[in-house]
Amino acid sequence: RVHLKNGIVRVGLGAKTKPYMKLNYILREHLTIKSIIDKYRVLRVFGGYILRGPALLKPYVDRLIFVGDSALQVKPITGGGLFTGFKSVESLVEAVSSSSTPKDIGEKYAKLNLDLALRLRRERIIAKMLELSIRNVKLIEKIFNICSSYEFIEAIENNFNFDDHYY
């Protein structure tokens with residue numbers, strides 16, 4: 001849930017199949033979520049696919065600039081793109097305000113956005129490794145033994161930022 005203004009929020013759901021139907025169902029039937037959402041008036045419900053791939057290193061072509069989901073700037077673990085989209089918009093705003101030509105805007109935006117793109121690419125590799133490891137029960141047991149022996153789980157609970165997986 002992202003607060004926009006004047007009591008308006010944006011709610012999203014990542015799902016592999018039927019995201020629109022699942023979001024509608026959750027908004028109507030999930031008691032905890034329904035109790036939160038009922039405070040607001042639903043203006044529109046829409047859904048679709050989120051492309052998940054390596055974030056674009058050059059998020060522009062001529063005068064066309066890609067931001068957020070369109071630049072594949074989504075969190076690899078959750079598929080969420082609001083936080084990463086806002087981060088790339090900050091870069092775009094700075095590029096527009098400090099550039100004089102469309103070409104300069106694209107190049108400056110790509111440069112300012114490069115850290116985010118590289119970080120998302122690294123996180124994507126880590127997410128793929130985790131995805132592969134959960135299929136191996138013995139490996140999972142070893143990972144949990146290592147993590148629990150160093151109080152890793154407690155550290156994650158105390159320090160994990162759901163929007164920004166990097167920290």
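Biologist: Where does L118 lie?

Modeller: L118 is in helix α4, which covers residues 102-133. Keep in mind that this is a predicted model.

Biologist: And how accessible is L118?

Modeller: L118 is partly exposed, because its relative accessibility is 33% and that class runs between 20% and 50%.

Biologist: Which residues form the nonpolar patch on the surface?

Modeller: L57, L114 and L118. Together they have about 210 Å² of accessible area.

Biologist: Are R119 and E123 buried or exposed?

Modeller: Buried, both of them.

Biologist: How many salt bridges does the structure hold?

Modeller: Three. One of them joins E107 to K103, with 3.8 Å between the closest N and O atoms. That pair also sits in helix α4, with a spacing of four residues, about one turn.

Biologist: How accessible are E107 and K103?

Modeller: E107 is partly exposed, at 37% relative accessibility. K103 counts as exposed because its value is 55%, and the cut-off for exposed is over 50%.

Biologist: Which residue does E29 bridge to?

Modeller: R28. The closest N and O atoms there are 3.9 Å apart. E29 is partly exposed, with a relative accessible area of 42%.

Biologist: Now the backbone. What is the phi of D62?

Modeller: Near 50 degrees. That is a positive value in a residue other than glycine.

Biologist: Why point that out?

Modeller: Because most residues other than glycine have a negative phi.

Biologist: Where is D62 found?

Modeller: In the loop between β3 (60-61) and β4 (64-65). D62 is exposed, with a relative accessible area of 67%.

Biologist: What about the phi of L72?

Modeller: L72 has a positive phi too, about 60 degrees, and it is not a glycine. L72 lies in the loop between β4 and α3, the helix at 82-97.

Biologist: Is L72 buried or exposed?

Modeller: Buried. The relative accessible area of L72 is 17%, and buried means under 20%, so L72 falls in that class.

Biologist: Let's zoom out. How many helices and strands does the protein have?

Modeller: Six helices and four strands.

Biologist: In what order do the elements run?

Modeller: From the N terminus, β-β-α-α-β-β-α-α-α-α.

Biologist: What share of the protein's residues count as buried?

Modeller: 26% of the 167 residues.

Biologist: Last one. What share of the contacts joins residues 24 or more positions apart?

Modeller: 49%, counting the contacts with a separation of 6 or more.

Technical notes. Residues are numbered from 1 along each chain as its sequence is written. This is a predicted model: local features need pLDDT of at least 70, side-chain atom pairs count only at pLDDT 80 or more; totals for chains, interfaces and linings use all residues. Side-chain values use heavy atoms; hydrogens and water are left out. Patches are made of residues with over 30% relative accessible area and no salt bridge: like charges are joined within 9 Å, nonpolar side chains (Val, Leu, Ile, Met, Phe, Trp, Tyr) within 5 Å. Accessible areas come from the Shrake-Rupley method with a 1.4 Å probe; for residues, only the protein chains shown count as cover. A salt bridge is a side-chain nitrogen of Lys or Arg within 4 Å of a carboxyl oxygen of Asp or Glu. Helices (H or I, at least four residues) and strands (E, at least two) are DSSP runs, numbered from the N terminus. Buried means under 20% relative accessible area, exposed over 50%, partly exposed in between (1.4 Å probe, protein chains only). Contact means heavy atoms within 4.5 Å.
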